[in-house]
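Trainee: I would like to learn how to read the place where two chains meet. Could you take me through it step by step?

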Amino acid sequence: MSTNAAIDLALDRVDWRDLAAQTEEQPRVYTPGEVLMPEAGFMRGHGTFVEDENIKSSVAGVIQKVNKLISVRPLKSRYVGEIGDVVVARVSEVQQKRWRVDTNSRLDSILLLSSVNLPGGELRRRSAEDEQMMRRYLDEGDLISAEVQNIFEEGSLSLYTRSLKYGKLSQGILVKVFPALVKRRKMHFHNLPCGASVILGNNGYIWISPTKGQEEEGGEGGFAQNLNEHVPRADREVIARLRNSILALAKCKLMIYDTSIQYAYEESLRYEAHELLQQNAIYDIGQQTQARLRDADE
Amino acid sequence: MAYVALSEAEKTYILHGVEDDFRCDGRSRRDYRPMDLETGLVSNASGSARLRLANTDILVGVKTEIDVPNPLTPEFGKLEFFVDCSANATPEFEGRGGSDLAQELILSLQNAYESPLAFNYRTLCLIPGQQCWKLYIDILILECGGNLHDAVSLAAKAALFNTKLPRVTATMLDAGITDLIISDNPYDCTRIGIETVPLLVTVCKIGDYVLVDPSAEEEVCSTVSMVVSVSMRNGQAFLSGTHLTGGGAMHRDTMRNCLELGLAIGEHLDRLLTKMLNLEQQRVGLKRPQIVGFLK
């Protein structure tokens, strides 16, 4: 058996700024304290503040104008929830009638017992027995997919599982990227043609799992865990390659959505799965994917 | 160790991957993640190195001092390790939170370097019984992404390779008091031979198999790990220390597998590190350092 180990010198480090230089138009980036607009006639949005009759930026980012609303979208931030977002979250605590959940936001999010589906889609009021069985369904460390139902006044999010499509996640891999890199789209559950399923959480948590052939109508809600099931090696190779491709896109600061993931996966087929951890391979995949996305836009 | 929360299904997936010899990122059980190495980036240290192993980032500085030898070993120099678990790595290291991990790493390194066969302390001796070099090896952990022991030992060995000791040009003896005169020329220095300096290899037991270079997720799935200290002598790998971490138990056969795998991997790593250090020395040269550091 051979051993793959590579020690690169810092002198050979890839310059990631070359990728950004290939973009045609560079948007204006505002820094904190910079004047955006005079206050008269405009409304202040997120990322701004008013001082001396001027609207100024409070974060480093790009300006966004919606009619008379001026806001600044930061390039890197924690997840700020919006109602209806699909998120992948990890349970951090089990409390009396709810779970405390980590969604990469400023505060822990809340998943109420009344917001989760019962096994098989049973519809009834939650009882004390359900409270006692909470840990049996979702324990600390478990992953769930859910939707944002509400945003409380202090900024924490209330999640719910709208249908049996959501719920507890089974075998697979979680990839964490910045939330700003995940494109905001309608569809977040993708069955990719390469043979894996991807959930693109708006909070930057991306879940990759093998595609279930027995796609029952509505799904199971995660109640039946398949821990005894062994994921075949072919599926495992696809998932590892997808994971490394998504991390390559994140490293190169490219937007992550189904088309870019598919392009990155196709570009990665010329490498072995473990070679995708090398920075030269990451740079090459980012460059080729960027070129293909640019060609597709024209 | 820095804790990563995982669900039972994720652990099962990782376990099955180890059984199939195909881990979550496509590596086999004997593969390392890519490493990034630079030496000489701290200008006020006698030797320094920075190693980045995927998500693990280690910065090592070596400082030298003239000291009195230990009376029990008058012909030997001294070596001292200090590990700083920076809270930049994880907020749990704030204050005294990282002292347990730091102490574990210090004991690992002391145990590995204890034997005079693993580190030649005689080269640090100036005057037997009176004067010797003392090396302070300060290790700064900037990021924790699993496999700290290997990264720390590789960075420490690279820093020792980079260490420059000023040459002692003259010795004055006056009424029993010894005085050393050190050369003014900054290029007039001696280097430490690192051929036998040991490396630590973490061999991690997951299920019925053992693997090297565990990531943070794989460390959570493991019940026990063995840190094997490997020292090369005359082109052959020797064991210079071991210790177990984690709360689990280990069968005798598994322990033998760990030792064999650790020695084989340690030999391979040592050759690779030596090759890359010599290559960097050739490319950078001795006079005008070209430091990349934390840029790019």
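Predicted model: local features only at pLDDT ≥ 70, side-chain atom pairs only at ≥ 80, totals over all residues.

Trainee: How many salt bridges does the rule find across the interface of chain A and chain B?

Mentor: The rule finds two salt bridges there, while the count of residue pairs in polar contact between the two chains, both residues being at pLDDT 80 or more, is ten.

Trainee: Which elements give two or more residues to the side of chain A that touches chain B?

Mentor: They are β1 (7-9), β15 (173-176) and α4 (233-251) of chain A, and α4(A) supplies the largest share, seven residues. By class, that side of chain A has 19 nonpolar, 13 polar and eleven charged residues.

Trainee: How should I express the size of the interface?

Mentor: The size of an interface is often given as the accessible area lost when the parts come together. Here chain A and chain B bury about 4000 Å² between them, with 58% of it on carbon and sulfur atoms. In chain A, the residues that lose the most area to chain B are Ile7(A), Leu11(A) and Arg13(A), which together make up 20% of what that side buries.

Trainee: In which sense do β1(A) and strand β1 of chain B pair?

Mentor: β1(A) pairs with strand β1 (residues 35-39) of chain B in the parallel sense, over three bridges, and Ile7(A) stands opposite Met35(B) in β1(B).

Definitions and conventions: Residues numbered from 1 in each chain as written. Chains lettered and ligands numbered in written order. Heavy atoms only, no water. Buried area = accessible area lost by both parts, 1.4 Å probe. Salt bridge = Lys/Arg side-chain N within 4 Å of Asp/Glu carboxyl O. Polar contact = N/O pair within 3.5 Å; in protein donor to acceptor, adjacent residues only side chain to side chain. Helix = DSSP H or I, 4+ residues; strand = E, 2+ residues; numbered from the N terminus. Nonpolar A, V, L, I, M, F, W, Y, C, P; charged D, E, K, R; others polar. Pairing = 2+ DSSP bridges.
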